[in-house]
Amino acid sequence: MLTRLEIRLVGRSRADMEALEALLRSQGGIDVTLRQLINGSVDPLEGIETLPDALVLMVGESWEAELMALCERPAGERPPLLVVGPKGNVELIRLAMRAGARDYFSPPIDDGEIGRFLREIVRDRREELALPTASLTAVINAKGGSGASLVAANLAHRLTVEGKECALVDMDVQFGSLPLYFNLIPDHGLVQALDAADSLDSLAMSAYVQHHESGLGLLASSPEDRASLSEVPENRVEQLLHVLGQDHEEVVVDLPRWINGATACVLERADRVLMVMQQSVAHLHDAQRLRDILVHELGLPPVRLVVVVNRYDKRNEVSLGAIGDALPGLPLHTLPNDYRHASQSINVGSPLIELARKAPLTRALKALALALMTPREPPVPARRWSLRLWNRTQH
């Protein structure tokens, strides 16, 4: 974790607490304090002077008294709460909601669940401390081959041309192609930067970022890299994004179409996620599925999602109206079908603005970049924790 967390773990079973403590510590950057409730003790926060960053309560037979002790405290005197308890106890879950629980887990707890909870706590800490960070845009194909890399490359280049300090990251460590778009060959690149993430600072990062003549910084894997994204710890991705964010105004990340811990870390931190699709029923189906994963499984507020319809043709049977009906509330941007210029741009390693400045596709990408640069109201944080808890009371 970028921000070191102080976690207070409270429960009645020493063995269960120690097992969960090991899982928490395995996430990295976590200090855990254990407190075993014995005899008549029921207040999980009894005797503490400084609130921890989060409280993890493993409820026992006295769950009602333990949760009521938290309910009786003012909201400002309660840290973020995770409750661990048995499945199917609707009254317990409802009382946990009253106590301010962000989520409710039942054993066995996996890395993904606990990692998601901790990432949210880190995000809260970052917002409270107002840590400076670049605006982060994630670009991902709704269906393979939709053109996300073309969009990411030319969007980042356009932001640079418009005067922004911009970094472009190719997160596909096995088949990333973004260097081709700029006629660059990475030497020390993304995989090496991730290996060194724990010691990275702005100066060290410069050894891994290549610069295009426009000033755009590119971080991508080198041809010799043999790593898999599944091998990359989330805390290293988070540290990498943090360091990039210190030296840039904009960071654009081209994500592979694979949701795992590393890509989820980028998606959850992103100020906006561009879902790139084309006009077909198959693309529309996958776009709906991706939207559901982002909103319901990762908890992203829908206001952060943007749909980019690539190779748009107004005569296509899958119209913008149909796409809007299937993805209600999400803004739609279209990029015209200009295969000739798009293909030529990749083949010669020259961004579209340099190759075909007046082409409709180039102008559409400029409009997209300017739209993303327009200041907007901060998104309202999603109440996903309460909703998720509520959904569990309905089953």
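Guide: Gladly. A crossing is called right-handed if the near helix is turned clockwise from the far one by less than a right angle, and left-handed if anticlockwise. Please keep in mind that this is a predicted model. In it, the crossing of helices α5 and α15 is right-handed. Helix α5 covers residues 148-161 and helix α15 residues 360-373; their axes come within 9 Å and cross at roughly 65 degrees. Angles from 65 to 115 degrees count as roughly perpendicular, so α5 is roughly perpendicular to α15.

On the α5 side, the contact involves Leu 150, Val 151, Asn 154, Leu 155, Arg 158 and Leu 159, while α15 contributes Leu 361, Thr 362, Leu 365, Lys 366, Leu 368, Ala 369, Leu 372 and Met 373. By class, the contact of α5 with α15 has 10 nonpolar, 2 polar and 2 charged residues.

Next, the cores. The largest nonpolar core holds 52 residues, and Leu 219 and Val 273 have the most contacts inside it. Leaving aside residues up to four places away in sequence, Leu 219 touches several residues, including Leu 168, Leu 190, Ala 193, Met 205, Leu 240 and Leu 244. Val 151, which we met in α5, is in a second, separate core of 32 residues, along with Leu 168, Leu 178 and Leu 352 among others.

Met 205, one of the partners of Leu 219, sits in helix α8, residues 202-205. Its relative accessible area is 4%, so Met 205 is buried. Besides Leu 219, Met 205 touches Leu 200, Leu 240, Val 243 and Leu 244, again setting aside residues up to four places away in sequence. Its C-alpha atom is separated by 7.2 Å from that of Ala 193, 12 residues apart along the chain.

For another helix pair, turn to α2 (residues 63-71) and α3 (residues 90-98), whose axes come within 9 Å and cross at roughly 15 degrees. Angles under 35 degrees count as roughly parallel, and α2 and α3 are therefore roughly parallel to each other. This crossing is left-handed. Trp 63, Glu 64, Leu 67, Met 68 and Cys 71 of α2 make the contact with Glu 91, Leu 92, Leu 95, Ala 96 and Arg 98 of α3. These residues divide into 7 nonpolar, no polar and 3 charged. The buried residues of α2 are Trp 63, Glu 66, Leu 67, Ala 69, Leu 70 and Cys 71; they pack against α3 and also against strands β3 (54-58) and β4 (81-84).

How values were computed: Residues numbered from 1 in each chain as written. Predicted model: local features only at pLDDT ≥ 70, side-chain atom pairs only at ≥ 80, totals over all residues. Heavy atoms only, no water. Axes fitted to C-alpha atoms, helices over the stretch in contact; angles between N-to-C directions. Helix = DSSP H or I, 4+ residues; strand = E, 2+ residues; numbered from the N terminus. Parallel < 35°, antiparallel > 145°, perpendicular 65-115°, else oblique. Contact = heavy atoms within 4.5 Å. Nonpolar A, V, L, I, M, F, W, Y, C, P; charged D, E, K, R; others polar. Core = buried A, V, L, I, M, F, W, Y, C linked by side-chain atoms within 4.5 Å. Buried < 20%, exposed > 50% of the residue type's maximum accessible area, 1.4 Å probe, protein only.
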